[in-house]
Amino acid sequence: MVRQPETTARGRLVVTNAVIEKIAAQAALNVNAVGGLGRRPPGRRRRPAADERPPRVSARVGRGTARISMSLSIRYPARIVEVCEGVRTRVNQQVADLAGLRVTHIDIDVSAFESGTDPDTRAR
């Protein structure tokens with residue numbers, strides 16, 4: 001019979017805010033029609049597509065819970081309410097599965113509507 005060590009001897013797991021932010025950003029990008037926000041890096045001619053940029057996310061981790069705020073873009077003509085509900089569902093699932101935390105609150109700011117066309121390739 002294998003004896004398990006005492007609970008206090010095992011140590012503890014600390015999940016930081018940054019880890020939850022990355023999990024939430026990636027989970028949001030996995031929802032159809034969601035893109036990120038960002039600025040054009042210096043020296044680049046074209047702006048990265050919304051799919052290439054992560055949403056801006058901030059998280060606060062407490063005792064077994066997380067509160068998340070995010071800003072993202074949605075590709076036109078998607079329905080904002082349906083996309084945001086999909087983001088909430090996916091983020092809740094991924095944070096619970098990967099970090100073992102329960103998400104108590106998610107604020108979603110839709111800061112842009114992406115047209116899906118590259119502004120440098122539009123007809124002038």
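**Note on the predicted structure**

1. Of the 124 residues of the protein, 31% count as buried. The protein exposes about 8800 Å², and carbon and sulfur atoms supply 48% of that area. When we take the contacts between residues at least 6 apart in sequence, 68% of them join residues at least 24 apart.

2. In soluble globular proteins, nonpolar side chains tend to be buried together. Here the largest nonpolar core has 27 residues, and those that touch the most other members are I20, I68, M70, V87, V91 and V95. Two or more residues of this core come from each of the following elements: helix α2 (17-29), strand β2 (56-61), strand β3 (65-75), helix α3 (80-99) and strand β4 (102-114).

3. Which residues is V91 in contact with, leaving aside its neighbours within four places in sequence? The list consists of A24, A27, A28, I68, M70, V103 and I106, and two of these, I68 and M70, are also named, like V91 itself, among the core residues that touch the most other members.

4. The structure holds one aromatic pair. The ring centres of Y76 and F113 are 5.7 Å apart and their planes stand at 85 degrees, so the pair is described as edge-to-face, the angle being over the 60 degrees that this description requires. Because Y76 lies in the loop between β3 and α3 while F113 lies in strand β4, the pair ties together parts that are 37 residues apart in sequence.

5. The two partners can also be looked at from the outside of the protein. Y76 counts as exposed, with a relative accessibility of 57%, whereas F113 is partly exposed, with a relative accessible area of 43%. Together with I80, Y76 and F113 make a nonpolar surface patch of about 330 Å².

6. What kind of peptide bond joins Y76 and P77? The bond is cis, with omega at about 10 degrees, and P77 has its place in the loop between β3 and α3.

7. Side chains of opposite charge can pair when their charged atoms come close. By the rule used here, the count comes to one salt bridge, which is formed by E82 with R79, and the closest N and O atoms of this pair are 4.0 Å apart. Are the two partners buried or exposed? E82 is exposed, because its relative accessible area of 54% is over the limit of 50%, and R79 counts as exposed as well, at 59% relative accessibility.

8. A33 has a positive phi of about 80 degrees although it is not a glycine, and A33 is found in the loop between α2 and β1 (34-35). At 10% relative accessibility, A33 counts as buried, because the limit for that word is under 20%.

Terms used. Residues numbered from 1 in each chain as written. Predicted model: local features only at pLDDT ≥ 70, side-chain atom pairs only at ≥ 80, totals over all residues. Heavy atoms only, no water. Core = buried A, V, L, I, M, F, W, Y, C linked by side-chain atoms within 4.5 Å. Buried < 20%, exposed > 50% of the residue type's maximum accessible area, 1.4 Å probe, protein only. Helix = DSSP H or I, 4+ residues; strand = E, 2+ residues; numbered from the N terminus. Contact = heavy atoms within 4.5 Å. Patch = residues over 30% accessible without salt bridge, like charges linked within 9 Å, V, L, I, M, F, W, Y side chains within 5 Å. Areas by Shrake-Rupley, 256 points an atom, 1.4 Å probe, with all protein chains shown as cover. Salt bridge = Lys/Arg side-chain N within 4 Å of Asp/Glu carboxyl O. Phe/Tyr/Trp six-rings, centres within 6.5 Å; stacked < 30°, edge-to-face > 60°.
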